[in-house]
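Here is a short briefing to read alongside the model. Have the sequence and the 3D view open, and follow the topics in order.

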Amino acid sequence: MKTLIWAAFALLALIWTGLAALSAGLAQWLIGAVASGEATQAATTVGQWPIPAWAALWIDPAWIQGLQLMWLDVVQWLSQVLPSIDGLGGWVSALVWIGWGIGLITLLVVCGGLHWLAGRVSGPRPA
C-alpha cells in the first residue's frame with residue numbers, strides 16, 4: 001500500500017511539474033505577444049472572420065459579432081495600457097513556480113500522512 005501511495009505521488013508530481021512548466025511557457029508567450037503587438041493583429045483578424053452558417057442556427061449572429069468586437073476592444077486596450085508588459089514575464093513565471101512549490105509540498109504532506117496512516121492500519125496488532 002505504501003508503494004502505491006508513493007507511486008501515485010510520483011505520477012501526480014510529474015503531472016504537476018509538467019503543468020507548471022507549460023503554464024510558465026504559455027504565460028511568457030502570451031506576454032510576448034501582447035508586448036509585440038501580435039495579439040492585437042491576431043484579434044483584429046479574428047474579429048473579421050465571418051460567422052459560420054451552422055453557428056447562426058444556434059446562436060444569434062449579432063451576439064457573436066458583439067463578442068468579437070468586445071474581444072478586439074479588450075486586446076487593443078491591453079496593448080495600449082501595458083506597453084512595458086515584457087517586465088511582467090519574470091514575475092508571472094516566478095509566481096507560477098511558487099504555486100508549483102506550494103502544490104508539491106501540499107501533495108508531499110498528504111502522501112506522508114497517507115503513508116503514516118497505512119502503517120498504522122496494516123501494521124502488527126498487539127495481542
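**Around Ala24**

Leaving aside residues up to four places away in sequence, Ala24 touches Ser93, Val96 and Trp97. Please keep in mind that this is a predicted model. Ala24 itself belongs to helix α1, and its relative accessibility of 7% makes it count as buried. Leu95 is 71 residues away from Ala24 in sequence, yet the two C-alpha atoms are 9.0 Å apart in space.

**Overall picture**

- The protein chain has five helices and zero strands, and from the N terminus on its elements read α-α-α-α-α.
- Of its 127 residues, 18% count as buried.
- The chain exposes about 9300 Å², with carbon and sulfur atoms supplying 75% of that area.
- Among contacts with a separation of 6 or more, 88% join residues 24 or more positions apart.

**Confidence**

- The protein chain has a mean pLDDT of 82, and 89% of its residues reach 70 or more.
- Among the elements, the lowest mean pLDDT (71) belongs to helix α2, residues 38-47, and the highest (90) to α5.

**Helix α1 and its end**

- Helix α1 covers residues 2-36 and has 35 residues in total.
- From first to last C-alpha, α1 reaches 51 Å, close to the 51 Å expected at 1.5 Å a residue.
- Which residues of α1 are buried? They are Ile5, Phe9, Ala13, Ala20, Ala24, Ala27, Ile31, Ala33 and Val34.
- Just after α1 comes Gly37, whose phi is positive at about 90 degrees.

- The buried residues of α4 are Ile64, Gln68, Leu72 and Val75.
- Viewed down the axis of α4, these buried residues fall within an arc of 75 degrees, and therefore they line one face of the helix.
- On the face of α4 turned away from that buried side sit the exposed residues Trp63, Leu69, Trp77 and Gln80.

**Aromatic pairs**

- How many aromatic pairs are there? The count comes to two.
- Trp6 and Phe9 make an edge-to-face pair, with 5.4 Å from centre to centre and 75 degrees between the planes.
- Trp6 and Phe9 are three residues apart in helix α1, which means they are separated by about one helical turn.
- Is Phe9 buried or exposed? Phe9 counts as buried because its relative accessibility is 17%, under the 20% cut-off, whereas Trp6 is partly exposed at 31%.
- In the pair of Trp97 and Trp100, the ring centres are 5.5 Å apart and the planes stand at 75 degrees, so this pair is edge-to-face.
- Trp97 and Trp100 both lie in helix α5, residues 88-122, three residues apart, or about one turn of the helix.
- Both Trp97, with a relative accessible area of 31%, and Trp100, at 24% relative accessibility, count as partly exposed.
- Trp97 also links this topic to the opening one: Trp97 is among the residues that Ala24 touches.

How values were computed. Residues are numbered from 1 along each chain as its sequence is written. This is a predicted model: local features need pLDDT of at least 70, side-chain atom pairs count only at pLDDT 80 or more; totals for chains, interfaces and linings use all residues. Side-chain values use heavy atoms; hydrogens and water are left out. Buried means under 20% relative accessible area, exposed over 50%, partly exposed in between (1.4 Å probe, protein chains only). Helices (H or I, at least four residues) and strands (E, at least two) are DSSP runs, numbered from the N terminus. The arc is that of the directions from the helix axis to the C-beta atoms. Rings of Phe, Tyr and Trp (its six-membered ring) pair if their centres lie within 6.5 Å; planes under 30 degrees apart count as stacked, over 60 as edge-to-face and the rest as tilted. pLDDT is the predictor's confidence in each residue, from 0 to 100. The expected span of a helix is 1.5 Å times one less than its number of residues. Contact means heavy atoms within 4.5 Å. Accessible areas come from the Shrake-Rupley method with a 1.4 Å probe; for residues, only the protein chains shown count as cover.
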